[in-house]
Amino acid sequence: MNALWITLALLTAGFAGWPVTALVFRLARTIDDKADAATAAEDRAARDRAADEAANDPAADATVDRAAADSESAGREAVDGEITVAGDVAADAAGKVPAATGAPPAPTTRILRGGAIIGVLERLAVCLAILTGQPVAIAYVVAIKGLGRFAELKETPVAAERFIIGTLSSMLWAAGVAALVKILFLS
């Protein structure tokens, strides 16, 4: 009967942990998005105040009609003082707008490849370590995982944050499942 409970614990910890970790990632992204939106709103308000002060400065060489500039920027155009260009088209160093931008989009690199498989293996190892009474083995799992990802984590802080969130939520899930099974069914 113990083999059944151990098998169920391993399956639950290993494979049902992915939705839990994904939920934690979604929660973290929601919190980050709210913080980013608040910061952007503060930055936008500060820029607007600075622009209003500069536009109404009587000592300035030229003043800007804020109502006209706002109506133009609502139409996705920006005023640069002499000409009006589309907001999503950049001018070159001479101030000229290229006729057509045929440049391919910037390549995207995928960071932390294999995370789902590593996560399953990590949760299985943590659960097995607790069920067998060897919690020190969890330190080995963390060390191996950290050393394997060190180069990627060093280069990109976003990847490091995602790595920490995923590792902690994954390990807590596996440890919780293992502890629950050990207390309720294997005592």
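**Entry 1. Helices α4 and α5**

I began with the passage of α4 across α5, which is a right-handed crossing. I took handedness as follows: a crossing is right-handed if the near helix is turned clockwise from the far one by less than a right angle, and left-handed if it is turned anticlockwise. I note that the model is predicted, that local features need pLDDT of at least 70 and side-chain atom pairs pLDDT 80 or more, and that totals for chains, interfaces and linings use all residues. I number residues from 1 along each chain as its sequence is written, and side-chain values use heavy atoms, with hydrogens and water left out.

Two packed helices are described by the angle between their axes and the distance between the axes. For α4 and α5 I recorded an angle of about 160° and axes 8 Å apart. The axes are lines fitted to C-alpha atoms, for helices over the stretch in contact, and angles run from 0 to 180 degrees between N-to-C directions. α4 and α5 are therefore roughly antiparallel to each other. The cut-offs are under 35 degrees for roughly parallel, over 145 for roughly antiparallel and 65 to 115 for roughly perpendicular, the rest being oblique.

**Entry 2. Overall layout**

I counted six helices and two strands in the protein. Helices (H or I, at least four residues) and strands (E, at least two) are DSSP runs, numbered from the N terminus. Along the sequence I read the pattern α-α-α-β-β-α-α-α. Of the 187 residues in the protein, 20% are buried. Here buried means under 20% relative accessible area, exposed over 50%, and partly exposed in between, with a 1.4 Å probe and protein chains only.

**Entry 3. Salt bridges**

Side chains of opposite charge can pair when their charged atoms come close. I applied the rule that a salt bridge is a side-chain nitrogen of Lys or Arg within 4 Å of a carboxyl oxygen of Asp or Glu. How many salt bridges does this rule give? The count comes to two.

I looked up E122 with K145, a salt bridge whose closest N and O atoms are 2.5 Å apart. E122 lies in helix α4 (residues 115-131) and K145 in helix α5, so the pair ties together parts that are 23 residues apart in sequence. Are these two residues buried or exposed? E122 counts as buried, at 4% relative accessibility. K145 also counts as buried, at 15% relative accessibility.

I then looked up R149 and E152, whose side chains meet in a salt bridge at 3.0 Å, N to O. R149 and E152 are three residues apart in helix α5 and are therefore separated by about one helical turn. R149 counts as buried, with 8% relative accessibility.

**Entry 4. Further residues of α5**

I found V141 in helix α5, and V141 is buried with a relative accessible area of 18%. The C-alpha atom of V141 is 9.4 Å from that of L121, and the two residues are 20 apart along the chain.

I144 is also placed in helix α5, but I144 counts as exposed at 64% relative accessibility. Between the C-alpha atoms of I144 and E122 I noted 10.0 Å, with 22 residues separating the pair along the chain.

**Entry 5. Helix α6 and its partners**

I turned to helix α5 (residues 137-155) and helix α6 (residues 157-184), which pack at an angle of about 160° with their axes 9 Å apart. That makes α5 roughly antiparallel to α6. Their crossing is right-handed.

For α1 and α6 I recorded axes that come within 9 Å and cross at roughly 160°. α1 and α6 are therefore roughly antiparallel to each other. The crossing of α1 and α6 is right-handed.

A175 has its place in helix α6 and counts as partly exposed at 24% relative accessibility. A175 and I138 are 37 residues apart along the chain, and their C-alpha atoms are separated by 9.7 Å.

**Entry 6. A nonpolar surface patch**

Which residues form a nonpolar patch on the surface? I listed M1, L4, L8, L11 and F15, which together have about 530 Å² of accessible area. Patches are made of residues with over 30% relative accessible area and no salt bridge, like charges being joined within 9 Å and nonpolar side chains (Val, Leu, Ile, Met, Phe, Trp, Tyr) within 5 Å. Accessible areas come from the Shrake-Rupley method with a 1.4 Å probe, and for residues only the protein chains shown count as cover.

L4 is found in helix α1 (residues 2-15). At 43% relative accessibility, L4 counts as partly exposed.
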